[in-house]
Amino acid sequence: QFLSKWKFLRYILIYFDSVFRGIGQVMFANNPLSGLIIFFGLYCGNSQLSFYGFFGTCISTLTGYLFEFDSNLIRNGLFGYNGCLIGMAIPFFTLSNSYYLICPIIIFSIFSTIFYVSINRFFVRYMDISSFTFSFQMCTWIYILSCFKSHHFQLNHDLISPHLLKISDEKVKMTFENYSLQMNFQGFLSGISQVYFIENVYTGMFILIGLCLCSRILAFFALFGSIIGQLFATYVFQMSVESIRSGLWAFNCVLTCQVLGGMFFVLSEYQIWFYTFYGSLMTLLIQLSLSSYFSSIGLPVLTFPFTFISWIFCSINQ
Amino acid sequence: QFLSKWKFLRYILIYFDSVFRGIGQVMFANNPLSGLIIFFGLYCGNSQLSFYGFFGTCISTLTGYLFEFDSNLIRNGLFGYNGCLIGMAIPFFTLSNSYYLICPIIIFSIFSTIFYVSINRFFVRYMDISSFTFSFQMCTWIYILSCFKSHHFQLNHDLISPHLLKISDEKVKMTFENYSLQMNFQGFLSGISQVYFIENVYTGMFILIGLCLCSRILAFFALFGSIIGQLFATYVFQMSVESIRSGLWAFNCVLTCQVLGGMFFVLSEYQIWFYTFYGSLMTLLIQLSLSSYFSSIGLPVLTFPFTFISWIFCSINQ
Amino acid sequence: QFLSKWKFLRYILIYFDSVFRGIGQVMFANNPLSGLIIFFGLYCGNSQLSFYGFFGTCISTLTGYLFEFDSNLIRNGLFGYNGCLIGMAIPFFTLSNSYYLICPIIIFSIFSTIFYVSINRFFVRYMDISSFTFSFQMCTWIYILSCFKSHHFQLNHDLISPHLLKISDEKVKMTFENYSLQMNFQGFLSGISQVYFIENVYTGMFILIGLCLCSRILAFFALFGSIIGQLFATYVFQMSVESIRSGLWAFNCVLTCQVLGGMFFVLSEYQIWFYTFYGSLMTLLIQLSLSSYFSSIGLPVLTFPFTFISWIFCSINQ
């Protein structure tokens with residue numbers, strides 16, 4: 001009897017190990033301790049959102065166990081990261097605060113795992129690339145679009161507002177004096193935390209510490225991506241001050257640089273700098289154009305720009 | 001001379017066997033008698049539409065013969081079902097009643113067969129899944145979109161009305177008293193006939209009888225799908241009374257349940273119930289979100305929600 | 001020292017050979033002399049645009065060398081044609097005339113080569129078809145959409161105007177008297193030059209001469225495609241007089257007929273006529289429907305209708 005209890009505890013431990021790896025895998029950190037520190041950082045930034053994210057990770061990981069998918073992938077947290085992001089995205093884009101929100105989180109976290117396995121038959125088997133966070137993006141887009149037509153949840157007007165594109169949008173020409181150095185520095189760190197829908201400098205720090213534990217290269221390229229993403233958005237594209245401060249132009253570049261710089265490529269010195277620079281620039285251009293493309297339905301771009309650029313760059317070197 | 005006439009008659013017979021199988025294959029019934037009974041049901045519901053559907057099936061099956069595509073597929077009616085749906089969809093979404101309508105029906109029925117063969121190189125060869133009715137959906141969408149810009153046919157305003165999404169759509173909160181039991185029962189059967197763009201209880205009955213002849217499991221899951229689709233739409237999503245009565249939320253679930261429950265899966269008892277339940281729920285969510293996605297161009301979702309969910313679920317179990 | 005200079009000159013020569021092949025490859029002419037004549041024709045039509053096109057071809061071909069992609073493809077100009085079209089499309093759709101335009105041309109010409117290699121892993125390796133000009137289309141769409149949100153370039157209002165589709169667009173019913181024969185003849189040749197965004201009868205002639213040098217079949221089907229595209233647009237779809245005169249309905253059919261008639265297919269006599277006729281009709285229908293699909297974001301259809309139809313038809317005959 002004691003042994004069976006022990007065995008059960010061991011299962012629980014393995015399960016939570018996978019869950020925390022899942023939280024870390026959002027930023028490619030395959031390490032339960034990294035996941036724990038990142039979770040603590042998220043908790044500091046927005047306690048409610050962090051618990052929803054944890055809950056989503058639990059559900060999508062559990063789905064992997066119940067459907068008896070590849071246990072190796074489950075153990076590495078690869079079924080968790082989409083659920084984590086879905087768990088945080090659904091409350092983020094919804095106005096309601098009620099606990100009913102766990103219903104869509106459960107439904108879409110389960111679907112994220114099923115969708116992930118399904119598209120990987122194409123991406124992994126034939127293209128030999130990861131599908132990255134595409135499953136999370138699809139699920140969140142489906143949730144948001146279905147919310148327009150259902151009665152239960154109200155979308156956040158400030159984040160989602162469908163409108164028709166105009167050519168002659170009176171564009172407020174920014175001058176470089178508009179941007180302060182302090183604002184930029186703030187953006188470097190909140191840009192990292194924006195990967196998890198949180199705008200908080202301390203959360204960004206915790207995430208960097210968590211990443212360091214797993215791999216210093218990963219942490220370096222996360223910060224590097226945030227910095228060049230912000231600098232491009234400020235001094236090349238001259239975006240609005242608020243969006244720069246909140247790090248909205250950094251989080252896709254953070255992930256792109258992690259992939260191109262440290263994770264999937266083994267490149268020589270000078271190539272890395274070209275790839276990360278050019279990749280970040282293209283990530284921003286995709287982010288701009290995708291937000292135009294989605295304007296009439298008001299969808300957020302989420303991390304799709306990073307996913308798209310990573311697909312393109314990862315498949316040329318094979 | 002007598003023999004050659006006999007031979008010719010035999011060809012004609014084989015051809016019409018394929019055509020009626022094609023009409024049945026819309027709901028996966030590979031049986032000419034089922035097709036005949038279903039055709040009779042359609043005739044009762046809407047005589048004009050049923051003949052257009054028959055005509056479309058003839059054209060797309062004939063295309064298969066003329067292009068010398070896989071004769072095995074032709075014999076099983078797999079080149080017919082897309083043509084059948086196109087033949088019914090084009091007059092359904094067009095206001096005009098003139099016989100000129102056979103021009104687009106011919107053009108797109110031919111294209112449905114070509115497109116079907118073309119995409120199957122990807123779906124069947126690499127993904128090992130059927131493309132389902134995707135060819136029909138693409139052709140109908142192309143027809144509708146091209147109608148906006150051409151002078152010949154006028155689209156039906158009531159069915160196709162492009163508009164911009166609004167977050168604060170004044171949603172009429174439905175209470176459960178709005179729904180009567182009689183209305184729900186009516187929807188169960190007209191939901192089945194809606195697969196063929198017809199809202200008619202008797203047509204639904206004929207279709208069920210036709211399916212029974214081919215396989216009782218198929219017929220059971222068609223009805224089952226219609227029932228849970230309707231119940232979800234009524235008691236979970238609280239859709240408008242008219243859309244419930246006309247069975248608009250059932251036809252995708254009918255097809256999803258046929259695929260997941262009877263056709264492509266060999267599942268154990270308890271798994272079947274989970275798959276069909278969860279699959280129907282997701283089909284409805286996709287239907288809601290796709291209609292939001294298409295709002296600015298006014299396209300109907302057709303059977304794409306079923307196609308999408310079936311792709312996802314069919315590819316995880318391999 | 002003399003020898004090394006000689007070697008360097010040889011490299012330069014090979015490079016420009018590839019570049020001019022790239023300009024010709026837009027219309028499948030793998031011949032540097034054809035490219036040179038076509039370039040001269042473009043120069044006559046619009047000198048500024050032709051140089052931007054040449055510049056784009058140089059950049060995208062150079063990218064192929066620097067990334068050490070398949071040297072066989074580079075030598076055949078297959079990395080040039082997307083860059084050529086991008087170099088001409090970006091100034092064409094932008095109002096600005098400043099030399100800053102070379103910045104987006106450089107960025108997207110590089111990306112066209114990277115994207116081309118990336119998607120060819122799917123198209124060439126698995127589907128065994130060319131990706132045609134899809135890379136150019138994606139890059140131009142990304143450029144245009146990102147322009148909506150950035151401050152630097154102003155899009156041309158006359159070419160790009162997002163609007164909501166209306167069913168009851170007051171369609172000016174054209175009568176056949178509206179179309180003059182002279183106008184149609186003008187369109188036959190300017191339709192060919194429209195492949196390169198130029199509306200000029202003499203440019204069309206130069207292009208035909210250039211194509212003749214490479215293959216008379218290619219030149220014939222280019223003219224043939226232009227003629228039937230124009231005639232369909234005039235006498236079947238009854239499009240506006242200006243669009244007919246400027247050849248806007250011909251350029252996709254030109255390319256479709258080149259592919260179906262001469263380039264990728266080896267067909268018997270009577271089949272060729274069916275494929276080119278039916279393919280041109282479907283190309284026009286796709287062009288109409290895609291422009292409806294893009295109406296709310298105002299994107300131009302570019303050569304995607306040709307690309308789509310060629311994908312479909314090229315993959316059925318394998």
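How many residues of chain A are in contact with how many residues of chain B? The count is 35 residues from chain A against 39 from chain B, where contact means heavy atoms within 4.5 Å. Keep in mind that this is a predicted model: local features need pLDDT of at least 70, side-chain atom pairs count only at pLDDT 80 or more, and totals for chains, interfaces and linings use all residues. Residues are numbered from 1 along each chain as its sequence is written, chains are lettered from A and ligands numbered from 1 in the order in which they are written, and side-chain values use heavy atoms, with hydrogens and water left out.

**Chain A against chain B**

- About 3300 Å² is buried between chain A and chain B, and carbon and sulfur atoms give 69% of that; buried area is the accessible area (1.4 Å probe) that two parts lose on being put together, summed over both.
- On the chain A side, the residues that lose the most area to chain B are Arg121(A), Lys149(A) and His151(A), together 22% of what that side buries.
- Helices α6 (102-127) and α7 (134-149) of chain A each supply at least two residues of the side that touches chain B, and α6(A) gives the most, with 12 residues. Helices here are DSSP runs (H or I, at least four residues), numbered from the N terminus.
- By class, that side of chain A has 23 nonpolar, 9 polar and 3 charged residues. Ala, Val, Leu, Ile, Met, Phe, Trp, Tyr, Cys and Pro count as nonpolar, Asp, Glu, Lys and Arg as charged, and the others, Gly among them, as polar.

**Chain B against chain C**

- This contact takes 35 residues from chain B and 39 residues from chain C.
- The area buried between chain B and chain C is about 3300 Å², with 69% of it from carbon and sulfur atoms.
- Arg121(B), Lys149(B) and His151(B) are the chain B residues that lose the most area to chain C.
- Here, too, the rule finds 0 salt bridges, alongside 9 residue pairs in polar contact.

**The nonpolar core**

- The largest nonpolar core has 332 residues, and those with the most contacts inside it include Met27(A) and Phe111(C). Such a core is a set of buried Ala, Val, Leu, Ile, Met, Phe, Trp, Tyr and Cys residues joined through side-chain atoms within 4.5 Å.
- Not counting residues up to four places away in sequence, Phe111(C) touches Cys139(C) and Ile142(C), plus chain A residues including Tyr278(A), Met282(A) and Phe308(A).

- Thr276(C) sits in helix α13 (residues 269-293) of chain C and is buried, at 0% relative accessible area. Buried means under 20% relative accessible area (1.4 Å probe, protein chains only).
- A polar atom of the Thr276(C) side chain lies 2.8 Å from the backbone oxygen of Ile272(C).
- Beyond four places in sequence, the contacts of Thr276(C) include Phe221(C), Phe224(C) and Cys257(C).
- Asn120(B) lies in helix α6 of chain B and counts as buried because its relative accessibility is 13%.
- Leaving aside neighbours within four places in sequence, Asn120(B) is in contact with Arg125(B) and Ser131(B).

Conventions: Buried < 20%, exposed > 50% of the residue type's maximum accessible area, 1.4 Å probe, protein only. Salt bridge = Lys/Arg side-chain N within 4 Å of Asp/Glu carboxyl O. Polar contact = N/O pair within 3.5 Å; in protein donor to acceptor, adjacent residues only side chain to side chain.
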